[in-house]
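Look at the fold below. The paragraphs that follow start with one term, then go from the domains to the strands, the helices and the core.

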Amino acid sequence: MGAYIGVDLGGTHIGAAVVDSATGELSALRSIYTRSREGPEAVVARMVTLIEEVIAESGQAKTAISGIGIGVPGRLDMQAGVVHYLPNLHGHWQGVPLLEEIVAALEMPTTLINDVRAMTLAEWTFGAGQGVDTIACLAVGTGVGGGFVIDGKLHLGLGGVAGEIGHQVVEPDGPACGCGGRGCLETLASGPAITAMGLEAVTRGLVTRIGELAGYDLNSVSPGLIAEAARGGDAVARAIYDKAGFYLGIAVANVLTALAPRRIVIGGGVAQAGDLLLEPIRRTVRERVFIVPAEQVEIVPARLGVNAGLIGAALWAGHSRGR
Ligand SMILES: [Zn+2]
């Protein structure tokens, strides 16, 4: 327990704050643009400055802060502290020794964790996963990430890769995925997949208000805009969310059968569509899962919002230090 710096490295923003690991309370919260086009070196330098600013703003001595946890949006070697693959950042991140660079610059104990594993830990500790011992968490956004807490412990698996729910196959002959696979959930139910379905509906001339709501500017079509159309009664927009929700439901059904968790927490930007997305997920689970008592599994929205990643990264820093 104590004060830790949580950092969330995102494709567009880097967020950081001092996190009280006993309460989840944030102070000195700041966010800056990632500007990943400038390359890893510039991004890491900006992250260091951001952390220094957060410490200064918190009014605490550096020595009063027990460590730094950084949530990284992709694959990494947690032990070595080296980044493998960040799909949503520009530049060559493969092999960047992020941990070493942060420690060299700030001389504070530092840990790295995948951002959605961090979110999972935060939601379980302070958010929608509180009070039960086993959860699965999904983050539906630009990609589809996930994480598991099993019997009260964040489950990491080989190299910390456990929980990559977005890369399970839900359509054997589906589209090629950035991970090298085919028909992964992420290719069918992520934000870009939903946007692509909206664009296709408009260009095919289907009867939908999506184009009108976008001011006939196809660049403005987004999951949020399609959700707005669906809420206004647009059948095409609703069908798009039904389809994404169906695939998420298949993935959730598989997770549920493998893990039998008490609760499934669904977050990420696309999940702001709320019941538009949650209802088809719940329906698919009801229709597909028989072996596990699915009626005992709650499928709920995440509660901590955009700061879940940095809260979880700070918690992880605390956990790792305890070992
Ligand atoms: Zn994949």
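A residue is buried if 20 or more other C-beta atoms lie within 10 Å of its own, exposed if 12 or fewer, and partly exposed in between, with C-beta atoms placed from the backbone. Helices (H or I, at least four residues) and strands (E, at least two) are DSSP runs, numbered from the N terminus. This is a predicted model, in which local features need pLDDT of at least 70 and side-chain atom pairs count only at pLDDT 80 or more, while totals for chains, interfaces and linings use all residues. Residues are numbered from 1 along each chain as its sequence is written.

Take the helix α3 to begin with. Of its 12 residues, 11 are buried, so α3 is largely enclosed by the rest of the structure. The buried set is Asp115, Val116, Arg117, Ala118, Met119, Thr120, Leu121, Ala122, Glu123, Trp124 and Phe126. From first to last C-alpha, α3 reaches 16 Å, close to the 16 Å expected at 1.5 Å a residue. The expected span of a helix is 1.5 Å times one less than its number of residues.

Now the domains. The protein chain is divided into domain 1 (3-120 + 307-321) and domain 2 (131-302). Such bounds come from an automatic or database domain assignment. The C-alpha centres of the two domains lie 27 Å apart. Their contact takes 12 residues from domain 1 and 18 residues from domain 2. Two residues are in contact if their C-beta atoms, placed from the backbone, lie within 7 Å. On the side of domain 1 that touches domain 2, the elements that give two or more residues are β5 (75-77) and α3 (115-126). The largest share of that side, 4 residues, comes from α3. By type, the residues of this side divide into 5 nonpolar, 4 polar and 3 charged. Here Ala, Val, Leu, Ile, Met, Phe, Trp, Tyr, Cys and Pro count as nonpolar, Asp, Glu, Lys and Arg as charged, and the others, Gly among them, as polar.

Next, the strands. Two strands pair if DSSP finds at least two bridges between them. Strand β1 (residues 3-9) pairs with β2 in the antiparallel sense over 7 bridges. The two form a hairpin with 3 residues between them. Aspartate 8 stands opposite glycine 15 in β2. Glycine 15 also stands opposite serine 31 in β3. β2 and strand β3 (residues 26-33) are antiparallel, with 6 bridges. Their hairpin has 5 residues between the strands, and glycine 24 in the turn has a positive phi of about 80 degrees. Strand β2 (residues 13-20) is mostly covered, with 6 of its 8 residues buried.

Strand β4 (residues 65-72) runs parallel to β7, joined by 5 bridges. Glycine 69 has threonine 111 in β7 as its bridge partner. In strand β7 (residues 110-114), 5 of the 5 residues are buried, so β7 is largely enclosed by the rest of the structure. Thr110, Leu112 and Asn114 point one way from β7, Thr111 and Ile113 the other.

Return to β1, where glycine 6 is found. How many C-beta neighbours does glycine 6 have inside 10 Å? There are 32, so glycine 6 counts as buried. Leaving out residues up to four places away in sequence, glycine 6 touches Ala16, Ala17, Val19, Gly69, Leu310, Ile311, Ala313 and Ala314. Valine 7, with neighbours within four places set aside, has contacts including Ile14, Met47, Ile68 and Leu310.

Helix α5 (residues 191-203) has 13 residues, which should span 18 Å at 1.5 Å a residue; its end C-alpha atoms are 18 Å apart, which agrees. Its buried residues are Gly191, Ala193, Ile194, Met197, Gly198 and Ala201. They pack against α4 (185-189), α6 (210-213), α7 (223-231) and α8 (235-259). Just after α5, glycine 205 takes a positive phi of about 75 degrees.

Last, the core. A nonpolar core is a set of buried Ala, Val, Leu, Ile, Met, Phe, Trp, Tyr and Cys residues joined through C-beta atoms within 7 Å. The largest one has 99 residues, and those with the most contacts inside it are Ile5, Val7, Leu185 and Val252. Its largest share, 12 residues, comes from α8. Domain 1 and domain 2 both give residues to this core, so it lies between them.
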